[in-house]
Amino acid sequence: MPARRSTPLSSRRQPQQARSNDLVAAILEAAVQVLSREGAQRFTTTRVAERAGVSVGSVYQYFPNKASILFRLQSDEWRQTSEMLSGILEDAAKPPLERLRTLVHAFVRSECEEAEMRVALSDAAPLYRDAPEAQAVKASGARTIRRFMQEVLPGASPARRRLAGELITSTLGAVGKQFSESPRTPAQIRAYADAMADMFCAYIERLGARSGGP
């Protein structure tokens with residue numbers, strides 16, 4: 001049976017003027033604060049409006065419901081991660097494995113810095129996880145990974161490259177999440193990221209040797 005869409009996720013309208021942009025920015029900043037302090041279960045548009053110092057009607061001008069606000073926060077986080085991913089992995093001035101190592105460090109550091117918000121957004125994920133909008137946002141990062149794997153493993157089969165990309169991204173996400181759930185010092189973050197990068201680079205090198213790659 002097809003999944004039922006109970007609530008719209010898209011913004012009602014896009015701000016066109018600086019004043020409107022400021023209002024939306026204030027609403028989103030208030031939403032971050034409410035989500036961090038109250039959690040997803042107690043997150044409401046009324047609390048967001050109160051925190052932002054605006055009327056609930058002002059919030060509804062741009063966001064039809066709380067799910068659309070949470071989805072916007074999650075979309076912004078996904079977009080930032082996707083931009084970080086492409087910015088690092090597509091930097092042709094650096095060798096591929098150096099780029100991979102840089103990505104691991106940046107990702108683990110980001111996970112630790114944003115752990116509280118990430119946990120709260122994860123709790124809210126059932127509101128939008130399967131929506132087409134969510135899938136479209138995440139697809140960009142997947143394309144970046146595919147292009148990188150084609151570059152770093154040119155002699156491997158498409159299936160092997162796909163498996164390698166999925167293994168690295170899923171491991172990085174799951175292990176990064178688990179690691180960030182406890183407070184970490186900068187030294188601990190560096191050491192952990194180094195160990196993960198060593199593991200991924202060794203894996204890629206081994207696949208490259210098997211496939212006759214560089």
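1. In this predicted model, residues 24 or more positions apart account for 74% of the contacts in the chain with a separation of 6 or more. The chain has 214 residues, of which 38% count as buried.

2. The secondary structure consists of nine helices and zero strands. Read from the N terminus, the order of elements is therefore α-α-α-α-α-α-α-α-α.

3. Helix 8 covers residues 158-180, and its 23 residues should span 33 Å at 1.5 Å a residue; the end C-alpha atoms are 32 Å apart, which agrees. For helix 9, the 26 residues should span 38 Å, and the distance of 37 Å between its end C-alpha atoms agrees with this.

4. In helix 8, the buried residues are Arg161, Ala164, Gly165, Ile168, Leu172, Gly176, Phe179 and Ser180. In helix 9, they are Ile189, Ala193, Met196, Ala197, Phe200, Cys201, Ile204, Leu207, Gly208 and Ser211.

5. How do the axes of helix 5 and helix 9 cross, and at roughly what angle? The axes of helix 5 (residues 96-113) and helix 9 (residues 186-211) come within 9 Å and cross at roughly 145°. This crossing is right-handed. On the side of helix 5, the residues that meet helix 9 are Leu97, Leu100, Arg101, Val104, His105, Val108, Arg109 and Cys112. Their partners in helix 9 include Ile189, Ala193, Met196, Phe200 and Ile204, together with charged residues such as Arg190 and Asp194. By type, the residues of this contact comprise twelve nonpolar, one polar and six charged.

6. The largest nonpolar core has 28 residues, and Val104, Val108, Met149 and Leu153 touch the most other members. Helix 4 (66-89), helix 5, helix 7 (132-152), helix 8 and helix 9 each supply at least two residues of this core. Helix 9 gives the largest share, eight residues. Apart from this core lies another, of 21 residues, among them Val24, Leu35, Met117 and Leu121.

7. Leu153 deserves a separate look. With neighbours within four places in sequence left aside, Leu153 is in contact with Arg161, Ala164, Ile204, Leu207 and Gly208.

8. Is Ile145 buried or exposed? Ile145, which is found in helix 7, has a relative accessible area of 11%; this is under the 20% limit, so the residue counts as buried. Leaving aside neighbours within four places in sequence, Ile145 is in contact with Leu85, Leu89, Gly165 and Thr169. Ile145 and Thr169 stand 24 residues apart in sequence, and their C-alpha atoms are 8.3 Å apart in space.

9. Thr45 lies in helix 2 (residues 45-52). Its relative accessible area is 8%, and Thr45 is therefore buried, the limit being under 20%. Not counting residues up to four places away in sequence, Thr45 touches Tyr60, Asn65, Lys66 and Ile69.

Technical notes
Residues numbered from 1 in each chain as written. Predicted model: local features only at pLDDT ≥ 70, side-chain atom pairs only at ≥ 80, totals over all residues. Heavy atoms only, no water. Axes fitted to C-alpha atoms, helices over the stretch in contact; angles between N-to-C directions. Helix = DSSP H or I, 4+ residues; strand = E, 2+ residues; numbered from the N terminus. Left-handed = near helix turned anticlockwise from the far one by under 90°. Contact = heavy atoms within 4.5 Å. Expected span 1.5 Å × (residues − 1). Buried < 20%, exposed > 50% of the residue type's maximum accessible area, 1.4 Å probe, protein only. Core = buried A, V, L, I, M, F, W, Y, C linked by side-chain atoms within 4.5 Å.
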